[in-house]
Amino acid sequence: MNRSKPSLTRRQFLYRAAAVGGSALLLNTMNAWGMGIASRASAPPALGGSGKGKKVVILGAGLAGLTAAYELGKLGYQCEVLEARGFAGGRCQTARKGFRLQELGGEEQVCRYDEGHYLNHGPWRIPLDHQSTLYYTRLFNVPLEVMVNDNDHAYVYLEDGGPLSRRRLRGAEIKADMRGHVAELLAKTVRGRQLDTQLSADDQAMLLDYLAHEGALSTSDLKYRGRNGRGYAVNPGAGLKPGTPSDPLAFNELLASKVGKVYSAVQEFPMHATMFQPVGGMDQIPRAFARRLGKAVRYHAEVQRIRQAGGKVTVDYKDSASGRLSSTSADYCLCTLPLSVLRTIDTDFSNAFKDAVKAVSYAPVGKIGLQMGRRFWEEDDNIYGGHVLTDMKGINVISLPSGNWQQKKGVVLGYYHYALDAIEASALNPAERAEFALAAGQKIFPAYRSTYENAFSVAWHRVQYNLGGWAEWSEAARERAYPLLLEGQDRVLLAGEHLSYLTGWQAGAIESAWQQIEQLHKRASA
Ligand SMILES: Cc1cc2nc3c(=O)[nH]c(=O)nc-3n(C[C@H](O)[C@H](O)[C@H](O)COP(=O)(O)OP(=O)(O)OC[C@H]3O[C@@H](n4cnc5c(N)ncnc54)[C@H](O)[C@@H]3O)c2cc1C
């Protein structure tokens with residue numbers, strides 16, 4: 001190390017250490033030194049005055065539309081929600097027995113899971129700092145349970161993992177050994193006085209003490225020789241069974257496996273190890289809204305045209321069941337349709353605004369849920385929830401259910417993929433998608449295929465009324481189009497996950513609704 005360079009700050013040092021040691025070590029070190037990430041807090045805006053005597057037509061009964069209708073209704077506004085589907089929730093859907101889905105140009109799937117089993121094929125996890133989503137689960141008494149988002153006991157399976165290819169490794173083995181080896185390296189660097197210009201003697205002593213605990217190093221020679229947190233070769237038991245320690249994976253093998261690639265996504269913000277899920281399915285949240293909104297939501301109302309004239313907004317819609325055309329007028333309109341859909345609708349927006357609506361792209365995303373007749377991951381492998389991470393093409397992750405523990409059956413998420421993988425798999429029919437998922441999962445779990453019973457899959461970019469998983473903004477579009485869309489057009493305001501920096505999260509939809517109803521109320525009260 002070049003001693004003539006100016007000292008690094010603690011934070012700079014730790015960020016650089018991350019390049020060597022990986023983000024788990026960094027995060028732990030930062031948390032130990034009190035540099036953790038702040039949590040977000042949220043509640044709907046406290047709005048004064050009243051909306052009595054004013055009508056708002058809300059387009060779409062996804063979480064943004066439902067939130068807006070609920071909050072504006074409390075203020076006295078008359079809200080009419082037009083929803084093309086026959087149910088509330090939009091992307092917030094749960095597939096259970098009898099649930100039907102027909103993708104554009106595809107065959108209709110009818111979910112055949114046993115009673116009590118389901119797949120959240122849209123949103124499936126609530127991070128603990130998404131206080132806006134949790135605000136409504138608390139308010140509406142939607143029971144939550146823990147969603148195991150990171151399980152060190154689940155496997156990592158790499159096809160392109162160098163010396164570690166095609167081995168079922170436990171996450172705990174990899175993390176313990178990487179932490180140990182990196183801690184050893186860093187500790188030896190400190191003891192070799194190579195950080196003298198960057199850390200004070202006191203900081204170095206504290207760092208050495210921390211690394212010895214972090215990496216389970218022997219304090220005499222700073223060597224990592226494994227730790228019991230990575231698991232035993234033979235587990236301890238009663239009587240004369242102290243257990244047999246397991247050998248650590250070699251540092252050079254771990255490096256050559258490039259195992260970091262499967263961890264990068266699951267360590268993005270806000271991927272906490274523990275998350276929440278509503279008991280019985282994510283759609284319990286929109287159902288709770290819908291019960292409270294009652295007849296304010298008009299289902300099967302497919303918006304076709306939006307016009308503004310004479311201080312009113314007029315929306316034409318078609319009954320998607322009968323084909324009958326109708327129209328409704330209001331003082332304001334809050335449009336929560338995904339921009340991928342809004343751009344196909346006849347509006348009198350300015351050309352600049354129409355261009356802004358077209359400026360964002362939507363993510364191709366797919367999921368499949370496989371009902372297994374036996375919970376082999378629990379019974380044979382002692383894995384309770386969490387994700388199997390893999391580099392197998394088109395799979396990305398296999399997730400194990402965080403509920404119905406120890407029952408006979410369970411629904412396994414067989415893949416969750418994006419971009420090109422999602423586009424390629426969506427060309428397959430449902431049976432072919434299931435076969436694709438089974439062929440991959442079978443490589444990891446011997447009982448995968450023999451216990452398989454039935455499947456339900458979705459390719460969100462082929463789903464009418466969504467045409468994509470979530471909005472994906474380029475930097476240029478954020479700069480150019482986003483501010484315009486936030487402004488709305490006269491009496492039409494927009495809301496939805498796409499108008500947030502939390503795209504792809506329910507919190508984005510809810511917080512966007514909170515922000516836009518505040519604007520709407522200001523305009524209506526002016
Ligand atoms: C695969 C996947 C995984 C996800 N995972 C998570 C997660 O784990 N946690 C999380 O918090 N979030 C997650 N999300 C994101 C979350 O689902 C969305 O951000 C949120 O549900 C979007 O809500 P919204 O109201 O903005 O849009 P939507 O839910 O899309 O609502 C728009 C509504 O408009 C309706 N509509 C469309 N066209 C018309 C029309 N012409 N006329 C009338 N109505 C129309 C639609 O039917 C829909 O009800 C995930 C999303 C996907 C797709």
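Figure 1. Strands here are DSSP runs of E with at least two residues, helices are runs of H or I with at least four residues, and both are numbered from the N terminus. Two strands count as paired if DSSP finds at least two bridges between them. Strands of a sheet pair through backbone hydrogen bonds, either parallel or antiparallel. The model is predicted, and local features need pLDDT of at least 70, side-chain atom pairs count only at pLDDT 80 or more, and totals for chains, interfaces and linings use all residues. Residues are numbered from 1 along each chain as its sequence is written, and side-chain values use heavy atoms, with hydrogens and water left out.

**Figure 2. The pairing of β13 with β14.** Strand β13 (residues 312-319) pairs with β14 in the antiparallel sense over six bridges. Y317 stands opposite S326 in β14.

Figure 3. E80 belongs to strand β2 (residues 78-82). E80 has a relative accessible area of 10% and is therefore buried (under 20%; exposed is over 50% and partly exposed lies in between, with a 1.4 Å probe and protein chains only). The side chain of E80 makes a polar contact with the side chain of T328 at 2.6 Å. A polar contact is a pair of N or O atoms within 3.5 Å; within protein, one must be able to donate a hydrogen and the other to accept it, and residues adjacent in sequence count only if both atoms are side-chain atoms.

Figure 4. An oxygen atom of the ligand lies 2.8 Å from a polar backbone atom of Q506. For A84, a polar backbone atom is 3.1 Å from a nitrogen atom of the ligand. A backbone N or O atom of L63 is 3.2 Å from an oxygen atom of the ligand. The protein covers 99% of the 1,000 Å² of accessible area that the ligand has on its own (Shrake-Rupley method, 1.4 Å probe).

**Figure 5. The shell around the ligand.** Of the 39 residues around the ligand, E83, R91, R125, V303 and Q506 come nearest; a residue is near if one of its heavy atoms lies within 4 Å. Strand β12 (301-309) is among the elements that each supply at least two residues of the shell, and β12 gives the most, with three residues.
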